[in-house]
Amino acid sequence: MSLEASFADEPAFVPYLAAGDPDYESSLAYVEALARGGADAIELGLPFSEPIAEGSTIQEAIVRALEAGMTVDRYFEFVADLDVDVPLVCMTYYNLIYQYGDEQGPRPFVRKAAEVGLSGFVVPDLPAEEAGPLRDACDEFGLDLVFIVAPTTEGERLERMREQVSGYVYVQARLGTTGARDEVSDYTERSLARIEDWDVPKAVGFGIKSGDHAERIVSAGADGIIVGSALVDIVAEGHENDDATEEVAQRLEDKARELKQGALRGAGDRPRVE
Amino acid sequence: MSTSKFGDYGGQYVPEALMPAIEELTDAYERYVLNNEDGFIDEFRQRMRDFGGRPTPLQYAEQLSARYDTDVYLKREDLLHGGAHKLNNALGQVLLAKYMGKERIIAETGAGQHGTATAMAAAHLDMPCVIYMGETDIARQRPNVFRIRINGAEVNPVTTGRGTLKEAISETMRDWATTVENTHYVIGSVVGPAPFPSMVRDFQALISEEAREQIQEQAGTLPDAVLACAGGGSNTMGTFHHFVDDSAVDLYAVEAGGSSLSVDEEAGVAPNSASLSTGEEGVLHGARTKVLQDTDGQIMESHSVSAGLDYAGVGPELAHLVDSGRVDPVNVDDDVALEAFHRLSQDEGVIPALETAHAFGYLEEHHDELGDTVVVNVSGRGDKDLETVIEETMERDLSIAPDMSIFREVGGGAL
């Protein structure tokens, strides 16, 4: 399934959850709930022990998933077990991709990812300078490689990314790590302006937590929104309160719907340039 | 990118938000450190003399030399201000941050030595400073936490994972990703993304620059072997750097063998910190290097009796020098290190850091293979480790240790 196609007709809603948080079965139900709620693609985190780009919310999700026994092999099973019909993007750190299989480098991991039906990758600790081998493997197996454009990314670095990016570009709305914030960051519009003429869809993430927030981001020009921590918060709260999986799944589905509707409203607000 | 790699190791595996800061730092490193722009290196050396107390002595160790029938020289980095080699790097980087116009310093610390040195350097150069430290380490290194606070720096406890050095590094990187525009991250070892491994090595290389001259003056010859303990590897690279081209000088990086060299995949624990001896190539904290990891690539929890060696990675340049055969990776376990701690204290009147004691443990076990003249880097003094040493000594039956009964009678379990 093409990632880019997810953005074709209307603003895309791209949620993130860590696979296996807080346990394998619940996590399957949660990801499927997001799809029911209107997700157009899903970033599915493969937990790594040193998630340096994540804020505390997602970091704790990763710890819960690892403690519940998530491994790389289990992750691939998880993807195969999922009953969703939207593209799935593997979000993880480079060491796990690099170590997999008996051949050195990212190729075995990407081959396996293609086999189980993943559509692409986001690798927060792999800047464009180090991404050559993964880009090659993605090309070989027909997967996309998403890059993150930070508020500080400019000039040559922007060009290097533009040459390698496919699927969509992840626009980081503010500095720092992932995490839900109340205010919309100043950087969104400026960052979008810098990559205005790029061909790939632009999805804005970092700190989006409500439908209104999603609306504002889309009306500022984003082709889609990426939401992680606000959803992981729902999983965490359900886990702490020992709530039934179906209840938590329903909350996630409702939140997904709110975010998707917000994104759609944002598109309506936007002056159409034909 | 050629300057960022050591063979296949090194590189810059960091979140995109940090890349501009890393490029800015690379530029500053080349201008100020490598080319002495605006007299940076002159000021650095001046401050290391006046504030730091350099040069440190190279001391002939009479008792050890007689014991091993080998000329043993001690490079006394324990006499540097702050009691360890850490100030070389901390002062260098805080000064560089000032030259770069940064307004705030952050740093991680494990044993607290780097945090202490950074807090001292930040106070000396009048920069606000925040130190990240794992809560486990805060509990076992309380005097250092207080020293950091006394120097006016903040200490932020890190509660994730096991609460040790690798979690503190991750957390400091998160802070940096948020504050990168006005903040410099003073990384504490020759680890992390380029240019940190080269830059930290260059600041620490004062050790071997002095030692190489001193040994030729005193012994009339280059040494047959140079020994330094290795955790992340900053004192190791500092001690080796100017000897790397002297092919007749054997270089030994002594790692912490902990309680065992085996790993427990199920628990994700390696009861050692011997990344050079037993680690596999991987990517950790911004660099490709040798890493203690499970077969998936998840990073292991390391262990050592010495908090300062307790790290699952190691500097990429050291990994490269080991692969190319220039540096011998060796290790000694907790017991041998503890015995060496007592031996150096009793025989030479030098109480070493537990990190340092590993190098002397290797000297004890392998002195007859090291040649006629040996230099050992005394990377730090052991005052910070006394509580640990009392506990660990009481758990063992060490013939070399002083009679510990006084602690049992007076201190009981309270110690």
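How many residues of chain A are in contact with chain B, and how many of chain B with chain A? The count is 37 residues of chain A against 34 residues of chain B, where contact means heavy atoms within 4.5 Å.

A word on the ground rules. This is a predicted model, so local features need pLDDT of at least 70 and side-chain atom pairs count only at pLDDT 80 or more, while totals for chains, interfaces and linings use all residues. Residues are numbered from 1 along each chain as its sequence is written, chains are lettered from A and ligands numbered from 1 in the order in which they are written, and side-chain values use heavy atoms, with hydrogens and water left out.

Here's the A–B interface in brief:

| Item | Value |
|---|---|
| Buried area, chain A and chain B | about 2,900 Å² |
| Share of that area on carbon and sulfur atoms | 51% |
| Salt bridges, chain A and chain B | 4 |

Buried area is the accessible area (1.4 Å probe) that two parts lose on being put together, summed over both. On chain A's side, A:Glu50, A:Ile52 and A:Glu130 supply 22% of the area buried against chain B, more than any other three residues. As for salt bridges (a side-chain nitrogen of Lys or Arg within 4 Å of a carboxyl oxygen of Asp or Glu), A:Arg157 forms one with B:Glu16, with the closest N and O atoms 2.3 Å apart.

Over in chain B, helices H14 (residues 334-348) and H15 (residues 354-366) pack at about 95°, their axes 7 Å apart. Helices here are DSSP runs (H or I) of at least four residues, numbered from the N terminus; axes are lines fitted to C-alpha atoms over the stretch in contact, and angles run from 0 to 180 degrees between N-to-C directions. H14(B) and H15(B) are therefore roughly perpendicular, a label for angles of 65 to 115 degrees.

Methods: Helices (H or I, at least four residues) and strands (E, at least two) are DSSP runs, numbered from the N terminus. Angles under 35 degrees count as roughly parallel, over 145 as roughly antiparallel, 65 to 115 as roughly perpendicular and the rest as oblique.
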